[in-house]
Amino acid sequence: MVLSRAASESDVSIHSTFASRYVRASLPRFKMSDNSIPKEAAYQIINDELMLDGNPRLNLASFVTTWMEPECDKLIMASVNKNYVDMDEYPVTTELQNRCVNMIAHLFNAPLGDTETAVGVGTVGSSEAIMLAGLAFKRKWQNKRKAEGKPYDKPNIVTGANVQVCWEKFARYFEVELKEVKLREGYYVMDPEKAVEMVDENTICVAAILGSTLNGEFEDVKLLNDLLIKKNAETGWDTPIHVDAASGGFIAPFIYPELEWDFRLPLVKSINVSGHKYGLVYAGIGWVIWRNKEDLPEELIFHINYLGADQPTFTLNFSKGSSQVIAQYYQLIRLGYEGYRNIMENCRENALVLKEGLEKTGRFNIVSKDDGVPLVAFSLKDNSRHNEFEVSDMLRRFGWIVPAYTMPPDAQHITVLRVVIREDFSRTLAERLVLDIVKVLHELDTLPAKISAKLAAAEEAVEKKEVNNGRHLKKSDLETQREITNAWKKFVMAKKTNGVC
């Protein structure tokens with residue numbers, strides 16, 4: 001006689017993940033569950049949800065690196081459990097960070113002697129780097145004002161209106177007035193002449209951008225430096241410059257080596273750069289470099305010893321992983337100058353391929369420049385029937401994430417689409433993107449007429465009703481355009497279940 005038994009609920013060894021009760025019932029989303037679940041089920045539940053995220057390789061909105069070599073991936077995983085701040089416990093990791101700082105400082109032409117060590121630090125990203133640089137400028141300005149017996153309670157920074165939001169955060173968090181040079185149509189970066197006009201005795205620095213996030217353009221740091229030297233000589237001030245090279249810092253030295261934007265200019269006192277952008281490292285690493293020790297007030301540096309040795313530190317964060325620092329060192333020694341130059345030239349060439357493909361459609365104005373960060377910013381020549389936001393929305397059906405946005409003041413009436421060209425964006429993908437954009441435009445051309453007809457009929461009915469009620473209010477062009485856009489979005493959302501997701 002054969003004996004058999006039914007498997008109990010606790011006998012999970014014979015169940016596949018998808019046959020288990022853990023993936024058939026919802027777990028609490030905002031409170032911890034009372035009981036544990038198997039590791040396989042936890043993995044599968046999270047992995048399944050993450051499948052609904054966009055594909056990072058097709059996220060053309062982001063400057064952040066989405067691919068690294070497998071050998072570097074191994075180094076990252078091997079060091080993921082190392083705490084960056086434990087300098088005494090992980091002295092080699094600390095040494096690698098110091099090597100990175102010095103390599104980047106030399107790349108930016110810091111005036112260092114043969115045996116002199118560069119002044120800088122690794123950060124979580126350029127946002128933290130900018131905070132640290134801003135604090136150094138503020139404290140140095142305050143110290144000087146105190147010594148002169150002058151008020152030091154109203155510091156300000158002069159920037160363009162195209163600055164990244166981290167500058168606004170710095171100004172708000174650390175009580176510094178942000179004086180922005182407005183943009184204008186056709187000129188989407190800070191005007192050096194207008195910036196210098198806004199400088200006063202309370203200006204702690206002027207921030208220039210090497211690679212605007214809006215259109216990739218490099219601001220004219222050389223002209224800013226020359227104009228500011230002249231103004232400083234006339235006023236007796238010593239207003240310095242900070243260069244936000246988050247995007248362009250790992251581009252300009254390799255494909256625009258003759259461009260003067262870095263420590264070759266005497267008023268440039270600090271530079272930040274994002275290692276996780278064109279430094280070619282995954283998200284979570286930035287760098288800030290000072291010209292020399294005098295530009296970083298000693299009082300901002302903390303010395304701690306409870307981890308086993310004296311450790312100087314100047315960061316807003318404390319504990320963080322070591323992986324990104326190690327990954328940055330890998331890229332610097334693996335690629336060298338030659339490797340970085342080849343990658344940046346390739347990105348620039350792919351950007352030109354995309355630009356030429358968009359120009360051939362005859363439907364777009366190119367807003368970006370050929371020189372600068374390898375990206376293509378473009379706007380519709382005619383957006384009376386459909387706009388850039390609609391193009392962006394429909395491209396998601398093909399998997400592409402292409403942002404649309406309005407420019408800052410005083411160019412807020414301009415809307416653009418932007419494609420960032422990273423190392424992993426090939427020529428084939430550029431050509432494919434153009435084909436998909438053409439498909440989107442062709443489909444959009446058939447949609448607004450139908451929607452406009454319905455809106456026209458609805459408007460006519462409303463107008464008749466208003467006339468009958470003794471009043472007649474004509475809608476503005478902007479109101480009409482908004483109604484068309486909203487109606488189109490409803491139409492597209494209704495169709496999306498039958499389209500490509």
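Let me begin with a convention: two strands are said to pair if DSSP finds at least two bridges between them, and helices (H or I, at least four residues) and strands (E, at least two) are DSSP runs, numbered from the N terminus. In that sense strand β6, residues 268-274, and strand β7, residues 286-290, pair antiparallel over five bridges, and I271 is the residue that stands opposite I289 in β7.

Before going on, please keep in mind that this is a predicted model, in which local features need pLDDT of at least 70 and side-chain atom pairs count only at pLDDT 80 or more, while totals for chains, interfaces and linings use all residues. Residues are numbered from 1 along each chain as its sequence is written, and side-chain values use heavy atoms, with hydrogens and water left out.

For the chain overall, the secondary structure comes to twelve helices and 13 strands. Of the 501 residues, 48% are buried, where buried means under 20% relative accessible area, exposed over 50% and partly exposed in between, with a 1.4 Å probe and protein chains only. If we take contacts, meaning heavy atoms within 4.5 Å, between residues at least 6 apart in sequence, then 70% of them join residues at least 24 apart.

Now to the sheet that holds β6 and β7. Seven strands form this open sheet with mixed pairing, in the order β1-β7-β6-β5-β4-β2-β3. Its edge strands are β1 (119-123) and β3, each of which pairs on one side only, and the twist averages 20° from one strand to the next.

At the β3 end, β2 (residues 156-160) pairs with β3 (residues 177-181) in the parallel sense over five bridges, with E177 of β3 as the bridge partner of N156. In a regular strand the side chains alternate between the two faces of the sheet. What, then, covers the two faces of β2, or rather, which residues are buried on each side? N156, V158 and G160 are buried on one side, and I157 and T159 on the other. Helix α5, residues 165-173, lies across β2, β3, β4 (203-209) and β5 (241-244), and runs at about 145° to β3; here axes are lines fitted to C-alpha atoms, for helices over the stretch in contact, and angles run from 0 to 180 degrees between N-to-C directions.

The contact is made by E71, C72, L75 and I76 of α2 with S323, I326, A327 and Y330 of α9.
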